[in-house]
Amino acid sequence: MDTNHQDRLLHSIDLLLDAVFLVDPSGRIVYVNAASERILQYSPRELIGHLLIDFVAPEDRDRTCEEAARVMAGHPRVGFENRYVRKDGSRVHIMWSALWSDADQMRIGVARDVTEQKRAEAFQAATYAIADAALKADDLDTLFPQIHRIIAERIPLTGVAVATSDRQSKLLSVPYQQDPFGSALLLDEPVAQRYCSDVIDSGHPLLTSDPKLLPSGAASTVNTAWLFLPLVTRRDAIGALILKADAGTFDSQKDRELLNFVATQVAIAVERGQLKAELIRAAQYDELTGLPNRRLFHERLDRALARSQRRGGQMALLYVDIDDFKKVNDTLGHAAGDLLLQEIARRLGRCVRQVDTVARLGGDEFVVILEDIHAPADAAQVADKIRHSLAREFPIDGLALHTQASIGVAIHPEDGQDADTLLRHADTAMYLGKALGRPR
């Protein structure tokens, strides 16, 4: 090839949008066109004479050397992908077409920047992963860590928080916040809630480095960026996704747009989780008192019995009936009766431990599961505590109401080995006590 023809050819190559590299057998760059500067930020002069492998991201160097060896062995390749480190330290995804020229003893490679494509693919994968997590998660407590993991696999984050708005009161809370080290103290909630309110009201993301967002006692730093993304569904704004990272992480407008799109999928997932939680609660909890209903009570009783049998210990079942409750409904109306039942439920809850269960079977009938008691006297002591608590006056609609409870007690394993037997024993003991006018 004459010199003039070669010059014209190289000039034409310089006009290509893709970068063209000529690399000698040792791996040194002999020629590269002007497009390299747009892709790698290095001018041709800064690249020529250097080993091409030196610009490859360290984690991709081994497989890049293997690929180069195959090409030099006479196996052309189209579509090989790896990552390079730009002059400013950022990463760029490259797709290569390469072949070996025996005549010229050169490896010829055409490099195309596919960073935007890879970024879009990563966020699309995140969208699918979040949707899948929402379908499989049992509740929001398991969903939030999965959302954190999915986003953190694609963006170098130093923390994630989720703020949600109550469907009725619209009050904001932060049910999830976590950093990579497992700390659940990521931000100052009151300050974060103010930012969340702003992005919810505006519907637009907000990027800040406000040091006030750090929790009390945390060292202030200017190297932290916070991105607040509104969680908006078709129906309403339900909260905000809060991402914490090193300064500069969210500088790309395209990255923020993609994250905003991901936030939309998170909003859908959170809304679905909230609706699922509401349906589960409606199926398992009494609407009036908020206590476990008959169905959940039986599930908990079965589990409590299984634990008691494994440990070889004792547990108790208390059957609580409110005497003459019907008179309240008949004389003061059902609204007053409902208020009384709600206060009874609160008092029952204050009489037991967190590990115990208070449930409403219906009407004015309640049951209490006392796990891991030392002796029947423990159950009798709790029963007395309940009687005294319910005997105190109830201020309802300006009136001072008084109630009395009949309580039947059954002990496992003495009074029964299974749930039905225990429940019958406690029920019989309660009615016998009511008939005799004394506690049972």
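A residue is called buried when its relative accessible area is under 20%, exposed when that area is over 50%, and partly exposed in between, as calculated with a 1.4 Å probe on protein chains only. The views below belong to a predicted model, in which local features need a pLDDT of at least 70 and side-chain atom pairs count only at pLDDT 80 or more, while totals for chains, interfaces and linings use all residues. Residues are numbered from 1 along each chain as its sequence is written, and side-chain values use heavy atoms, with hydrogens and water left out.

View 1. Ile386 has its place in helix H12, where helices (H or I, at least four residues) and strands (E, at least two) are DSSP runs numbered from the N terminus. With a relative accessible area of 0%, Ile386 is buried. Leaving aside residues up to four places away in sequence, Ile386 touches Leu318, Leu348, Cys351, Val368 and Ile407, a contact being heavy atoms within 4.5 Å. Val32, by contrast, lies 354 residues from Ile386 along the chain, and the C-alpha atoms of these two residues are separated by 86 Å.

**View 2. The two sides of helix H12.** Helix H12 covers residues 376-391, and its 16 residues reach 23 Å from the first C-alpha to the last, close to the 22 Å expected at 1.5 Å a residue; this expected span is 1.5 Å times one less than the number of residues. Ala379, Val382, Ala383, Ile386, Arg387, Ser389 and Leu390 are the buried residues of H12. Seen down the axis of H12, these buried residues fall within an arc of 165 degrees, so they line one face of the helix; the arc is that of the directions from the helix axis to the C-beta atoms. An α-helix has 3.6 residues a turn, so residues three or four places apart point the same way. On the other side of H12, Ala377, Gln381 and His388 are exposed. The cover over the buried residues of H12 includes helix H11 (334-350) and the strands S11 (314-322), S13 (365-373), S14 (394-396) and S16 (405-412).

View 3. Strand S3 (residues 77-85) and strand S4 (residues 91-101) pair in the antiparallel sense over 8 bridges, two strands being paired if DSSP finds at least two bridges between them. Tyr84 has Val92 in S4 as its bridge partner. There are 5 residues between the two strands of this hairpin, and in the turn Gly89 has a positive phi of about 95 degrees.

View 4. A search of the whole structure finds 22 salt bridges, each being a side-chain nitrogen of Lys or Arg within 4 Å of a carboxyl oxygen of Asp or Glu. One of them joins the side chains of Arg86 and Asp113, at 3.5 Å from N to O. This pair links distant parts of the chain, since Arg86 is in the loop between S3 and S4 and Asp113 is in strand S5 (residues 106-113), 27 residues apart. Arg86 is buried, with a relative accessible area of 16%, whereas Asp113 counts as partly exposed at 29% relative accessibility. Another salt bridge, of 2.8 Å from N to O, brings together the side chains of Glu371 and Arg307. Here too the pair links distant parts of the chain, with Glu371 in strand S13 and Arg307 in helix H9 (residues 294-311), 64 residues apart. Glu371 counts as buried at 12% relative accessibility, and Arg307 is partly exposed, with a relative accessible area of 24%. Glu343 also forms a salt bridge with Arg347, their closest N and O atoms being 3.3 Å apart. Both of these residues lie in helix H11, 4 residues apart, about one turn of the helix.

View 5. Strand S6 (residues 157-165) is joined by 7 bridges to strand S10 (residues 237-246), and Val162 has Leu241 in S10 as its bridge partner. S10 is mostly covered, with 9 of its 10 residues buried.
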